[in-house]
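Me: Hi! Could you walk me through this structure, a bit at a time?

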Amino acid sequence: MQEQLPDADTASTCQLNEAGIKLRDKCLKPGVENEAAQQAIANAEKALDKLSVNFDDWMATESKNLTAARDAARAAGFSPDTLGVLFQAAHNLKGQASTLGYPFADEICASLCRLIDKIPDKSRLPLVLLDQHVDAVRALVAEAAKGTDNPKASVLARRLQNVTSDFLAQEFARPHAA
Amino acid sequence: MTKIAFDELRFVVADDNAHMRRIVRTLLRAFGSREIYEAEDGASGLEAVEAFSPDILITDITMPIFDGIELTRMIRNPDGCRHPFLPIVVLSAYSEKKHVIAARDAGATEFLCKPVSATALYRRIQNVVANPRDFIRTKSYFGPDRRRYVNPNYSGVDRRIAAPGENIVDPNQVQLEA
């Protein structure tokens with residue numbers, strides 16, 4: 001049987017990662033791995049807990065940024081620039097709201113990101129639904145609706161996710177959807 | 001039995017969100033790291049890599065000037081950066097497969113989804129340090145081996161000119177590190 005040879009476009013060479021090996025040799029020390037890992041992780045969780053005195057303020061700042069981005073987009077119209085800023089503000093919250101203690105705000109912002117990102121025709125962005133997402137985050141922060149044990153926040157997040165899913169499904173079903 | 005000497009690890013954390021940088025810095029310091037440099041966009045991330053020669057870069061994807069994917073590509077380009085083997089952990093709120101694949105194909109070493117946890121961040125760093133992967137060079141890619149396992153049933157063309165660890169050097173290859 002004839003041997004199959006790689007062509008020039010897909011052929012690859014493999015190179016020893018000497019820098020990585022040096023790093024391993026420098027930083028791996030004798031010790032009990034699991035014990036050291038557990039200690040390091042426990043220290044980090046404790047440090048994060050100490051840092052958490054700032055989290056409500058940070059969350060308020062991020063929520064204000066989201067509201068300001070929404071207001072600016074409404075005032076100037078939905079252009080790639082204004083929607084980009086709004087998406088970025090929602091995306092920032094999606095990335096950190098859970099760490100800051102607001103997991104439902106995280107979910108709402110994920111839904112808002114999905115709405116902005118996936119809608120085939122940006123000019124058809126539903127203002128009411130967009131406002132509902134932004135206002136829901138603001139309400140959660142105002143009410144300090146933290147943690148996963150908050151029935152109202154849970155229902156609100158689920159409802160916004162479901163309405164967004166239904167809306168996007170309808171938009172994709174439109175004849176000229178991209 | 002081994003443990004990671006975090007006090008010997010130097011980090012650059014690139015993220016446009018100051019809160020997120022503070023959270024990651026707090027976690028790294030609690031793990032034991034003392035040298036952590038911050039950058040708020042892709043360009044200053046690249047500058048910080050050149051200036052501080054970190055052991056590990058932790059980068060967000062969405063950042064001003066150029067994003068974390070472009071930053072990763074620039075670092076992996078030996079003509080553009082002095083540290084093409086630098087371990088890069090992409091830390092992003094983008095959890096969709098296309099973003100993970102984009103980061104991988106740019107040459108990222110690890111991908112971590114926000115919200116970040118102490119355990120997840122520790123495990124990624126542990127993997128980077130303890131298990132350095134060989135580097136692969138193709139016409140369109142230079143970075144850590146993207147194959148995480150060997151498929152014993154693979155029957156296609158063997159595109160690797162050399163097996164991992166054989167350190168076959170491409171005759172066209174430039175000198176990557178002094």
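Reply: Happy to! Chain B has five helices and eight strands; helices (H or I, at least four residues) and strands (E, at least two) are DSSP runs, numbered from the N terminus. This is a predicted model, where local features need pLDDT of at least 70, side-chain atom pairs count only at pLDDT 80 or more, and totals for chains, interfaces and linings use all residues. Residues are numbered from 1 along each chain as its sequence is written, while chains are lettered from A and ligands numbered from 1 in the order in which they are written.

Me: In what pattern does chain B run along the sequence?
Reply: The pattern is β-β-α-β-α-β-α-β-α-β-α-β-β.

Me: And how much of chain B is buried?
Reply: Of its 178 residues, 46% count as buried. Buried means 20 or more other C-beta atoms within 10 Å of a residue's own, exposed means 12 or fewer, and partly exposed is in between, with C-beta atoms placed from the backbone.

Me: Which residues of helix 1 of chain B are buried?
Reply: Among them are B:Ile23, B:Leu27 and B:Phe31. After helix 1 of chain B comes B:Gly32, with a positive phi near 125 degrees.

Me: Is B:Ser53 buried or exposed?
Reply: Exposed, because B:Ser53 has 12 other C-beta atoms within 10 Å.

Me: Where's the cis peptide bond?
Reply: The cis bond joins B:Lys114 and B:Pro115, with omega about 5 degrees.
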